[in-house]
Amino acid sequence: MKSILQRGFTTAEFEMRATKAQQMMREKEVDAIVLTTEPNVRYFSGFHTQFWHSPTRPWFLILPAEGKPIAVIPEIGASGMAGTWVEDIRTWASPCPEDDGISIVASVLNSLPSRFGRVGATLGIESHLRMPVNNYLQLTKLVTKEFVDVSLAIHELRQVKSAAEIEKTREICRITNVGFDKIASYAKVGMTEREICKQFGIDMLMEGADECPYIIAGSGQDGYDSIIMGPTDRVIEEGDVLIIDTGAVRDGYFSDFDRNWAFGHASEQTKAAYRATYEATTAGFEAARPGNTTSDIYNAMWKVLEANGALGNDVGRLGHGLGMELTERPSNTATDNTVLKPGMVMTLEPGMVYAPGKSMVHEENIVITENGAEWLSRRAAPELPIID
């Protein structure tokens, strides 16, 4: 079943995003926001291109206190931006190291009404500028307004997804499940982690994914010790446990969940660790209700893991936000305490060290609704799958 979900968003979607941001700007007392990263520029404009992989050119989107965004971009992107809802597009011939768009950005910001005398930029938590620091420092001197951090406020805007965004995440989760479902039919002892992951990626692409930029694997005799490296050329042996974690993309939105398998057999200790993470996922799902917090999710899951002999959790959190980026704010930690709202797409990712050098991690994707949570990924089997 190939994907038939419509790509992109309506103009009304972008108008809604801009309106919400401009309300936030009034509350934060800023006259404009300068956006410079791919997810933020795309979120407010709809400008979707792979050209961001090139680090040579900076890109700017300015959201004023009223009206549509203003694009200040390299000339090479003018026709692409013209296909979005953005109408005011200023360009320059880039690369131009002596002035790579900075004077144009400064001119736009200085021409906007100055009610508060402040410009917002993503300067803080889980954000970056994607422009040379020297250029940013020059911009702060050329603009007659103070620059202030709005990174957390932008994160909060993007945390609550629209119905259209949720459907895009639901579709890439469906595609990812199809890829995972096929693994048991071809993965076998004697294959390498890399060979298995390559076929897995192909299956997701054939089912409708646009790309599979994040596919990791970890394996080892009756357990694994890493969930961020690989896949490697390690050959799967009888008695190994394999984890594959993926972030696949369709139309700019990620899935992010994993699956575990044993080959031939597994110890009772490893099977029990799998059950514990599965039960912890259930507990996290039940705690994922509007009005509760990310820390409530964490505590519900960690209580189960601890009761089942967890020696620790070297991941640092038990899930996170998900959307245009593989991981987004907030994080499910003991101290995050972000209040859950309908429309937030999250991962539940309980993990535990259950023996020296052995971890078990389980991850699913959910969306917070008015009445609780809803699965976006189809849940894994309640018992550790054994591939004979």
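These are my notebook entries on one protein chain.

**Overall build**

I am working from a predicted model. I looked up the secondary structure first. I found 10 helices and 18 strands in the protein chain. Next I checked the overall dimensions. The C-alpha trace spans about 70 × 40 × 40 Å along its principal axes. I then asked what radius of gyration the chain has.

**Burial, contacts and surface**

I looked at burial across the chain. Of the 388 residues, 57% count as buried. I turned to contacts between residues at least 6 apart in sequence. Of these, 69% join residues at least 24 apart. The accessible surface comes to about 16,200 Å². Carbon and sulfur atoms hold 53% of that surface.

**Ala18**

I placed it in helix α1, which runs over residues 11-28. Is Ala18 buried or exposed? Its relative accessible area is 4%, under the 20% cut-off, so Ala18 is buried. I set aside neighbours within four places in sequence and listed what remained. Ala18 is in contact with Phe44, Leu63 and Trp85. I also checked Ala18 against Lys68, 50 residues away along the chain. Their C-alpha atoms are separated by 7.4 Å.

**Cis peptide bonds**

I went through the backbone for cis bonds. The bond from Gly230 to Pro231 is cis, with omega near 5 degrees. Pro231 sits in the loop between β7 (211-221) and β8 (240-250). I noted another cis bond between Arg329 and Pro330, with omega about 5 degrees. Where does Pro330 lie? I found Pro330 in strand β12, residues 328-331.

**Positive phi**

I then looked for positive phi at residues other than glycine. Arg130 has a phi of about 55 degrees and is not a glycine. I located Arg130 in the loop between β5 (118-121) and α5 (133-142). Asp251 is not a glycine either, and its phi is positive at about 55 degrees. Asp251 lies in the loop between β8 and β9 (253-254). I asked why Asp251 counts as buried. Its relative accessibility is 8%, and buried means under 20%, so Asp251 qualifies.

How values were computed:
Residues numbered from 1 in each chain as written. Predicted model: local features only at pLDDT ≥ 70, side-chain atom pairs only at ≥ 80, totals over all residues. Heavy atoms only, no water. Helix = DSSP H or I, 4+ residues; strand = E, 2+ residues; numbered from the N terminus. Rg over C-alpha atoms; globule rule 2.2 N^0.38 Å. Buried < 20%, exposed > 50% of the residue type's maximum accessible area, 1.4 Å probe, protein only. Contact = heavy atoms within 4.5 Å. Areas by Shrake-Rupley, 256 points an atom, 1.4 Å probe, with all protein chains shown as cover.
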